[in-house]
Amino acid sequence: MPVTADISWQKLTTFGIGSGTPVVAEPSDDIELSTLLKFCHQKDIPHFILGNGSNVVGTDAEFNGVVIRLRHGSFVHISPGRSHITVGSGVRLNSLIRFAAEHGWGGMSGLAGIPGSVGGAIRMNAGANGMTVGDMILEVFGFDDTGTPWAVSYENINWEYRGSDIPDNAVITGAIFKLEKVDEAEEEEAISSEIERRRLVEPRGRNAGCVFKNPSQSTHAGMLIDLAGCKGLNNGGVQVSEEHANYIVNLQQASESDFIELAQNVVGKVYDNSGIILKPEVEFVNPEVREKFVHGSKPVKVVVLKGGDSSEREVSLESGAAVAAALRNVGYDVTETDIKELEVTDEMRQADIVFPVLHGGFGEGGDLQELMEKEKICFVGCGSQACRDTIDKIKSKEIMDKAGLPNPPWAVLSSVDASLPENMSFPVICKAPSEGSTVGIELVHNQDEWHNALKQCLELDKTVLIETYIKGREMTVGIVDGCAMTPVEIVYPGEMYDYDAKYTHALGETFYYCPPRNISETEQEKAKELALEFNRVVNARDMIRIDFIVTEDQLYILEGNTIPGFTASSLLPKSAGQEGMSFEMLCAKLVSTALKRR
């Protein structure tokens, strides 16, 4: 077995960083590898598995262990079967893709051009163009760190974004791929096309590939780095690529510390700009550097409150789960709490920040916010008074009238026997003043429907808000951190945007257009101006969504929502997305904005 101690990390990796010269052993088959692993285990010698070195940051420090390089013998063998291919972990991924195409198998052309070996690609579940290596795996095999044979079949692997639950101590020596039959010429053309596409967009110069993981499929690390103004940023001999911001290029003989300082600077700038915490995709040889870089900063602890006690509980549970998942994706330490009673828990007190995703009831009505204010707990969203003024449709009407904001004519009744106010005529809208999510809203066409509508609303609240029914186009404007988002037009099948139109769709599908299709740009800009004024007069903060009805000659504000929905179909995330803000970016923005008040 060849063993050397005169090759530096600069030559062992594509990045070319690391002046240290580790002991490198290159076994040629399973027997030699197993013997070496057993020896290292018995002698308590650390080892580092290296393939093509394309995703690795070397070290300037002494590596007190053995680098096991799998690039000879059986580890670079490819064996075709009738319905699958067995391939060694040291085979370059591109070589596998080309070999498969030459034998009439394909489906991997979208991964062409990804540098590195099969073993590294499996370890990080390499992917591109909507596919990953894990999609094609039948079995992965190798040894554990004691030299004992190990294998796992596809049904027992939980593939994740840029990873899996394959044990960290597993040394992958090969895998079985199941590919589809394809036309050889077409597959070769697809492979060449993908390699050419990558050549045009990826930077030249020595690099380790993408440095940071994408927080999600819709939130790319390169975009976040670019938005944070990091393109071209340099330190010593390394620079953030001007071509693709998620690449750091070794311009000259850069040191390990040059890279670490620059990468940490990028992480800090992205966090300051977006609230998102980038995680490394590259592998660090030096365990101390790895620990410092990955776990060096204490993650922000967020408690996401969901559920509540209102009629919107189920929607809140869904919204809260979505927010929690998004915040985990962008690096936060998240705890989800299904809160059913008005209280401040120790969990909330110990968190860095609380994110209430509670629609209606004590969670949106200001009661919970008041308790958190008294205990000086930092939380996302409006303060208690803004919540009370906005959820109470009558109080909100009074504020709008005082500020001169246009809204439908209204009156308040408190008896099921009350008559229609003299200054109104049918049709009218009856609303339970403190409900949300279109709960407790009745469209009354005539006298026959009048008293039953009052009865329905009074079962939910002690008073009823009566509004003149205004027929028009519906639109909503979201505001995030004082900025008005692109409006969303709501086109529903019935006469109004009620619970069915929003959730159950018995009368047909509701369509959401962002930007609006049937509302002029002038009307949209006017709505944004009115929404910002509503935001100001109720003293909202962080986020709010304001609903409008648009007629031929007038815009009317219907109401505001201080904790709008955060489900996949919710309107604030939709309008933020039109502004280039993914769901993860929106949630992180709200957390980071609130944290600045601490």
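Trainee: How many bridges join strand E26 to E28, and in which sense do the two strands run?

Mentor: Keep in mind that this is a predicted model. Strand E26 (residues 428-431) is joined to E28 by four bridges, and the two run antiparallel; one place to look is Val428, whose bridge partner in E28 is Thr468.

Trainee: Which strand pairs with E25, and over how many bridges?

Mentor: Strand E25 (residues 410-413) pairs with E28 in the antiparallel sense, over four bridges. There you can find Trp410 opposite Glu467, and Val412 with Leu465 as its bridge partner.

Trainee: What is the order of the strands in the sheet?

Mentor: The sheet is open and has four strands in the order E25-E28-E26-E27, with antiparallel pairing. E25 and strand E27 (441-444) are the edge strands, since each pairs on one side only, and the twist from one strand to the next averages 25°.

Trainee: Which helix packs on the sheet and touches E25, E26 and E28?

Mentor: That is helix H14 (residues 393-403), whose direction makes about 145° with that of E25. Helix H15 (residues 447-458), in turn, lies across E25, E26, E27 and E28 and runs at about 175° to E27.

Trainee: Why is strand E28 described as largely enclosed?

Mentor: The general idea is that a residue counts as buried when its relative accessible area is under 20%. In strand E28 (residues 464-468), four of the five residues are buried, so the strand is largely enclosed by the rest of the structure.

Notes
Residues numbered from 1 in each chain as written. Predicted model: local features only at pLDDT ≥ 70, side-chain atom pairs only at ≥ 80, totals over all residues. Heavy atoms only, no water. Buried < 20%, exposed > 50% of the residue type's maximum accessible area, 1.4 Å probe, protein only. Pairing = 2+ DSSP bridges. Axes fitted to C-alpha atoms, helices over the stretch in contact; angles between N-to-C directions. Contact = heavy atoms within 4.5 Å.
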